[in-house]
Amino acid sequence: MKTRLITGLTMLAVILAIFYINSYFLNFIILGIVLAVAFLEALKLYNIDQKSLVFIVIAFYTLTLLTNPIYIALLAVIIVVSVLAHIKSDNIKAVLPFLYPATPIFLIWMLYSEYGIEYLAWLILSVVACDSGAYFVGKFFGKHPFSPSSPNKTLEGVLGGLGIGTIVGTICGNFVMDAAVHVVFASFLICVFSVWGDLFESYLKRLVGAKDSGSLFPGHGGMLDRIDGYLFGVVALLWSLSW
């Protein structure tokens, strides 16, 4: 627990420094590194032995500087499946990492590039609060299992995380939006989706018998283990911003 706490506080400090510096191109590079590491971890979870695919996804990511990232994400998926069809591949799994985690990471860049660092902070701090709340509430009060895909999660922990995350998200969201009810509901959705994101990544790991997606962060696992909540949460936030 001590190692997990130290790593968590270190990551939070780095995130706050990124918020403070708020360099457009530096953030683009940082997210590109996150994409590359998460993509390579996903290849292992999908049992895909084609590491060269990471260069293709980075090439598509670079194109997001020129146009709406969601269109590039869809273009990447369409081109990959088209190539697989053209060569009559016996295995369509190569498209999976372009769907997850690549597409949600493209959406994170879309959130930042179109709405600004404040909205990215809203997303990240909401998910951090939800995840941390779920961990500590579950550790001290958890009794009832939440899902067979994530044996360590408890219903009490999830509910505690949702509550804490929504409160923190509401506080953050009120700095960027005036519509109080909208902010509360959007923050709640971010947290709900982040729980599903965490659950989905746990599901992928259970399918291949892996405890963590990697070992990049001591006490926390790999890159996917740290960003899984954001990958679903960003969809909720962008959806709510479209209302």
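Helix H1 (residues 2-21) and helix H6 (residues 117-141) pack with their axes 11 Å apart and at an angle of about 170°. Axes here are lines fitted to C-alpha atoms, for helices over the stretch in contact, and angles run from 0 to 180 degrees between N-to-C directions. H1 is therefore roughly antiparallel to H6; angles over 145 degrees count as roughly antiparallel, those under 35 as roughly parallel, 65 to 115 as roughly perpendicular and the rest as oblique. On the H1 side the contact (heavy atoms within 4.5 Å) is made by Arg-4, Leu-12, Ile-15 and Phe-19, and on the H6 side by Ile-117, Ala-121, Ile-124, Leu-125, Asp-131 and Tyr-135. By class, these residues are eight nonpolar, no polar and two charged. In this division Ala, Val, Leu, Ile, Met, Phe, Trp, Tyr, Cys and Pro count as nonpolar, Asp, Glu, Lys and Arg as charged, and the others, Gly among them, as polar.

The model is a predicted one, in which local features need pLDDT of at least 70 and side-chain atom pairs count only at pLDDT 80 or more, while totals for chains, interfaces and linings use all residues. Residues are numbered from 1 along each chain as its sequence is written, and side-chain values use heavy atoms, with hydrogens and water left out.

## The chain as a whole

The protein chain contains nine helices and two strands. These are DSSP runs, numbered from the N terminus: helices are H or I with at least four residues, and strands are E with at least two. Along the sequence the order is α-α-α-α-α-α-β-β-α-α-α.

A compact globule of 243 residues would have a radius of gyration near 18 Å, and the protein chain agrees with this because its own value is 18 Å. The radius is taken over C-alpha atoms, and the globule rule is 2.2 Å times the number of residues to the power 0.38. Along the principal axes, the C-alpha atoms fill a box of roughly 55 × 40 × 30 Å. Of the 243 residues, 50% count as buried; buried means under 20% relative accessible area, exposed over 50%, and partly exposed in between, with a 1.4 Å probe and protein chains only. Among contacts with a separation of 6 or more, 71% join residues 24 or more positions apart.

## Two further helix pairs

Two packed helices are described by the angle between their axes and the distance between the axes.

Helix H2 (residues 24-45) and helix H3 (residues 53-63) have axes 10 Å apart, at an angle of about 150°. H2 and H3 are therefore roughly antiparallel, and H2 passes H3 in a right-handed crossing. A crossing is right-handed if the near helix is turned clockwise from the far one by less than a right angle, and left-handed if anticlockwise. The contact includes Phe-28, Leu-31, Leu-35 and Phe-39 of H2, together with Val-54, Val-57, Ile-58 and Tyr-61 of H3. Its residues comprise 12 nonpolar, three polar and no charged.

The axes of H6 and H8 cross at roughly 60° and come within 9 Å. These two helices are therefore oblique to each other, and their crossing is right-handed. Among the residues in this contact are Trp-122, Val-127 and Cys-130 of H6 and Ile-190, Ser-194 and Asp-198 of H8. By class, the contact has nine nonpolar, three polar and two charged residues.

## Individual residues

Ser-194 lies in helix H8 (residues 180-208). Beyond its neighbours within four places in sequence, Ser-194 is in contact with Val-127, Cys-130, Gly-229 and Gly-233. Ser-149 is in the loop between strand S1 (145-147) and strand S2 (150-154). With neighbours within four places again left aside, Ser-149 touches Leu-199, Ser-202, Tyr-203 and Arg-206. The C-alpha atoms of Ser-149 and Arg-206 are separated by 6.8 Å, although the two are 57 residues apart along the chain.

The table gives accessibility values.

| Residue | Relative accessibility | Class |
|---|---|---|
| Ser-194 | 6% | buried |
| Ser-149 | 19% | buried |
| Asn-22 | 33% | partly exposed |
| Leu-9 | 52% | exposed |
| Asn-47 | 55% | exposed |

Most residues other than glycine have a negative phi, and most peptide bonds are trans. Asn-22, in the loop between H1 and H2, has a positive phi of about 50°. Asn-47, in the loop between H2 and H3, has a positive phi near 55°. The peptide bond from Tyr-100 to Pro-101 is cis, with omega near 20°, and Pro-101 is placed in helix H5 (residues 96-115).
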